[in-house]
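This report describes a structure for a reader who has not seen it before. It covers the salt bridges and then the pocket.

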Amino acid sequence: MKRVLYIASGWLVIVLLLHIVSSCERYEYSAIKSPSNKIPAEVKETEGDDIKIGFLMGTLLEERWQKDRDLFKEAVEELGADVEIMSADGDDALQIWQAETLISQGVDLLVIIPQNAESAAAIVEKAHSAGVKVLSYDRLVTNAEVDMYVSYDNEKVGELQAKAITQLVPKGKYVYIGGAEIDNNAHLIKKGAYSVLQPLIDKEDITIVFDQWTKDWLPSNAKKNINLALDANDNQIDAIIAPNDTTAGAILEVLKDRGLIGRIPVSGQDADLAAIQSIVSGEQAMTVYKPIQELTKTAAELAVKLAKGEEIKNELKINNGRIEVPSVLLPPVAVNKDNLDETIIADGFHTKHEVYQLKDKQ
């Protein structure tokens, strides 16, 4: 399919090209098989086919997305396919441009972590017009005919956060800091959290004194939110539910500045190393661990199948506002100081030396 890009001025072309080059990582490789790899037989039998997958990422700002990038690359490599990875650096318009670029390069399938759940619908439409299927990874593209969705149970993430915090603080003033409003996952997490919180609100055991989204998931915006919440309540807050570890880290910085660190339980998500270390030190109460290796491997297997036109039998479907999307949802795990050894460390997600900041013996 031929595409014509109309650019208003020459300097904009240069800026866009520089932006693309800086945020694009290209990987092309041949299959390297591991005896321990558990890959479905139907995928193994089709090794050697020239499959090219495009992986569109919303950002690489957080530690977890860097892990997703590397592990997805490895998983696709083990299936004998090629992958080109691009990050939109938080720019949804750029992500659409990158999608067009990959489609014009002849990818067989797009895997997308939408920067903006709504505007990414245009990517699905463009891909389908070119005969390219789309797999929505971790975040669901809304109001579009997505071919497949692979993620964790994000409502469960919110439930785990709320359950952990309410067990620590069964009564009191609560602050809810949400993720980015344009991210469908942020809404699912909030829905799950409030399924736990609402009965306690109805009983008047807890009161939500502040509830706000964090624009673009940025730590700076999380700081603004928590400062507003603390100022409005004269620092008299009993618990904080934060959507992920990056925002939680920003909140902990504010609490430290105000002499409140360790006194107010704060939740998180993603099991970032800094967050796990904060849990060990007693500053952060918990995080939600999502074994990314399982997610990337599942997504890679499904992506290769879809690219080859193989039938995928799937009973679970999630409504994205337009269709019932065939979906695979993996279970998340609540992690605190008591179980991080048998979860995070046992899985090799972080090492014991990293978590406990141990020094090697000289």
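## Salt bridges

The model is predicted. The count of salt bridges comes to 15. One of them joins the side chains of Asp270 and Arg64, with an N to O distance of 3.8 Å. Asp270 lies in the loop between α9 (245-257) and α10 (273-281), while Arg64 belongs to helix α3 (residues 63-78), so this pair ties together parts that are 206 residues apart in sequence. Asp270 and Arg64 are both buried.

Lys290 and Asp138 form another salt bridge, and their closest N and O atoms are 4.0 Å apart. This pair also links distant parts of the chain: Lys290 sits in the loop between β10 (287-289) and α11 (292-307), and Asp138 in the loop between β5 (133-137) and β6 (148-152), 152 residues apart.

Are these two residues buried or exposed? Buried means under 20% relative accessible area. Lys290 has a relative accessible area of 4%, so Lys290 is buried. Asp138 has a relative accessibility of 2% and therefore counts as buried too.

## A network

Some of these residues belong to a network of salt bridges. The residues linked in this network are Arg64, Asp68, Asp138, Asp270 and Lys290.

## A pair between two helices

Lys223 and Glu253 meet through their side chains in a salt bridge of 2.5 Å, N to O. The pair links distant parts of the chain, with Lys223 in helix α8 (residues 219-232) and Glu253 in helix α9, 30 residues apart.

The range for partly exposed lies between under 20% for buried and over 50% for exposed. Lys223 has a relative accessible area of 30%, so this residue is partly exposed. Glu253, with a relative accessible area of 42%, is therefore partly exposed as well.

## The largest pocket

The volume of the largest pocket is about 280 Å³. Which residues are the closest to its centre? Of the 23 residues in the lining, they are Glu62, Trp65, Arg139, Asp183 and Trp217.

Helix α3, which holds Arg64, supplies at least two residues of this lining, and α7 (184-202) likewise supplies at least two. By class, nine of the lining residues are charged, seven are polar and seven are nonpolar.

Technical notes
Residues numbered from 1 in each chain as written. Predicted model: local features only at pLDDT ≥ 70, side-chain atom pairs only at ≥ 80, totals over all residues. Heavy atoms only, no water. Helix = DSSP H or I, 4+ residues; strand = E, 2+ residues; numbered from the N terminus. Buried < 20%, exposed > 50% of the residue type's maximum accessible area, 1.4 Å probe, protein only. 1 Å grid on protein atoms, 1.4 Å probe; cavity = no way out; pocket = protein on both sides within 12 Å on 5 of 7 lines; lining within 4 Å. Points joined across faces, edges and corners; volume = space filled by probe spheres on them. Nonpolar A, V, L, I, M, F, W, Y, C, P; charged D, E, K, R; others polar.
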